[in-house]
Amino acid sequence: DAKRHMGLGHIAEKSFHISRASRIVIGLRAALNFDDGGELALNLDDLYGYFLRRLTAANVQNDADMLDEIYGLTLEVRQAWSTLPPLNPAARR
């Protein structure tokens, strides 16, 4: 949505959607368990930090390519998570 609004010149709407995406990333980052997650948690923390920096830059610079980059990386992370077995035993059934 942010990219669409960026293309239409709707600054407030673009900023709203980038802010929403940033809040989601902040939530994911806050949920990381560094005690049990080890290197994976550290790597995800770095990646989420990168997402936040790029979202901010995309917003300031009106750069749709940065949004595309973040979207592509997000899809890669989502795909990786989807290959893992569920942690909840009830979800395995």
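So, Tyr-48: at 6% relative accessibility this one counts as buried, where buried means under 20% relative accessible area, exposed over 50% and partly exposed in between, with a 1.4 Å probe and protein chains only. Phe-51 counts as buried too, at 3%.

A quick word on what we're looking at. It's a predicted model, where local features need pLDDT of at least 70 and side-chain atom pairs count only at pLDDT 80 or more, while totals for chains, interfaces and linings use all residues. Residues are numbered from 1 along each chain as its sequence is written, and side-chain values use heavy atoms, with hydrogens and water left out.

Back to our two rings. The structure holds one aromatic pair, and Tyr-48 and Phe-51 form it, tilted, at 6.2 Å centre to centre with 50° between the planes. For the cut-offs, ring centres of Phe, Tyr and Trp (its six-membered ring) must lie within 6.5 Å; planes under 30 degrees apart are stacked, over 60 edge-to-face, and the rest tilted. Both residues sit in helix α3, three residues apart, about one turn of the helix. Helices here are DSSP runs (H or I, at least four residues), numbered from the N terminus.

Leaving aside residues up to four places away in sequence, Asp-45 touches Arg-29, Leu-32 and Phe-34, contact being heavy atoms within 4.5 Å.

How values were computed:
Helices (H or I, at least four residues) and strands (E, at least two) are DSSP runs, numbered from the N terminus.
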